Amino acid sequence: MLERKFYYKLQEWKISHKNECLLIKGARQIGKTFIVRQFGKNEYENFIEINFEENPEIKTAFAGGLDVNDLIQKLSAFLPRTQFIPNKNTYFF
């Protein structure tokens, strides 16, 4: 039940907050990662997950400015098989 409510909140965010980041905070082991993965795969044509715990070196891509084009170029260096498509990807960090 709670999972379904959270999923609906994510759908509302997608519609009403285009081009804005979303920060999800909460207690450990309550399903945040699961529901965000499910949402990304169901609601977007392409879903890219970047896990800083599994790949801590990717954090360096965020050093300096956060211009979208620069960031995508830096991330592409770390993820050469990942295709970044404007307005088609959703990213989960």
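**Loops, helix faces and side-chain pairs**

Modeller: This is a predicted model, and a place to begin is Pro86, which is found in the loop between α3 (68-78) and β2 (89-92).

Biologist: Is Pro86 buried or exposed, and how far is its C-alpha atom from that of Asp67?

Modeller: Exposed residues are those with over 50% relative accessible area, and Pro86 counts as exposed because its relative accessibility is 65%. Pro86 and Asp67 are 19 residues apart along the chain, and the distance between their C-alpha atoms is 14 Å.

Biologist: Which pattern of helices and strands does the protein chain follow along the sequence?

Modeller: The secondary structure of the protein chain comes to 3 helices and 2 strands. Its C-alpha trace spans about 40 × 30 × 25 Å along the principal axes, and 19% of the 93 residues count as buried. Read along the sequence, the pattern is α-α-β-α-β.

Biologist: How far apart are the end C-alpha atoms of helix α2?

Modeller: Helix α2 covers residues 32-43, which is 12 residues, and at 1.5 Å a residue these should span 16 Å. The distance found in the model agrees with that expectation, the end C-alpha atoms being 16 Å apart.

Biologist: Within what arc do the buried residues of α2 fall, seen down the axis of the helix?

Modeller: The buried residues in α2 are Ile35, Val36, Phe39 and Gly40. They line one face of the helix, because seen down the axis of α2 they fall within an arc of 135°. As a general point, an α-helix has 3.6 residues a turn, so residues three or four places apart point the same way. For the buried residues of α2, then, the arc is 135°.

Biologist: With which residue does the side chain of Lys14 meet in a salt bridge?

Modeller: Side chains of opposite charge can pair when their charged atoms come close. A search of the whole structure finds 2 salt bridges, and in one of them Lys14 has an N to O distance of 3.9 Å to its partner, which lies under the 4 Å limit for a salt bridge. That partner is Glu43.

Biologist: Which parts does the pair of Lys14 and Glu43 tie together, and is Glu43 buried or partly exposed?

Modeller: Lys14 counts as partly exposed at 26% relative accessibility, and Glu43 is partly exposed with a relative accessible area of 22%. Because Lys14 lies in helix α1 (residues 2-16) and Glu43 in helix α2, the pair ties together parts that are 29 residues apart in sequence, namely α1 and α2.

Biologist: How far apart are the closest N and O atoms in the salt bridge of Glu49 with Arg37?

Modeller: This pair links distant parts of the chain, with Glu49 in strand β1 (residues 46-49) and Arg37 in helix α2, 12 residues apart. Glu49 is partly exposed, with a relative accessible area of 31%, and Arg37 counts as partly exposed at 31% relative accessibility. In the salt bridge of Glu49 with Arg37, the closest N and O atoms are 2.8 Å apart.

Biologist: Which residues of the lining lie nearest the centre of the second largest pocket?

Modeller: The second largest pocket has a volume of about 190 Å³, and α1 and α2 each supply at least two residues of its lining. By class, that lining has 6 nonpolar, 2 polar and 3 charged residues. Of the 11 lining residues, those nearest the centre are Phe6, Ile30, Gly31, Lys32 and Ile35.

Biologist: Which residue has a positive phi although it is not a glycine?

Modeller: Most residues other than glycine have a negative phi. The residue in question lies in the loop between α1 and α2 and counts as exposed, at 74% relative accessibility. With a phi of about 60°, the residue is Gln29.

Biologist: How far apart in space are Glu45 and Ile85, C-alpha to C-alpha?

Modeller: Glu45 is in the loop between α2 and β1, where it counts as exposed at 60% relative accessibility. Glu45 and Ile85 are 40 residues apart in sequence, and their C-alpha to C-alpha distance is 9.8 Å.

How values were computed
Residues numbered from 1 in each chain as written. Predicted model: local features only at pLDDT ≥ 70, side-chain atom pairs only at ≥ 80, totals over all residues. Heavy atoms only, no water. Helix = DSSP H or I, 4+ residues; strand = E, 2+ residues; numbered from the N terminus. Expected span 1.5 Å × (residues − 1). Buried < 20%, exposed > 50% of the residue type's maximum accessible area, 1.4 Å probe, protein only. Arc of directions from axis to C-beta. 1 Å grid on protein atoms, 1.4 Å probe; cavity = no way out; pocket = protein on both sides within 12 Å on 5 of 7 lines; lining within 4 Å. Points joined across faces, edges and corners; volume = space filled by probe spheres on them. Nonpolar A, V, L, I, M, F, W, Y, C, P; charged D, E, K, R; others polar.
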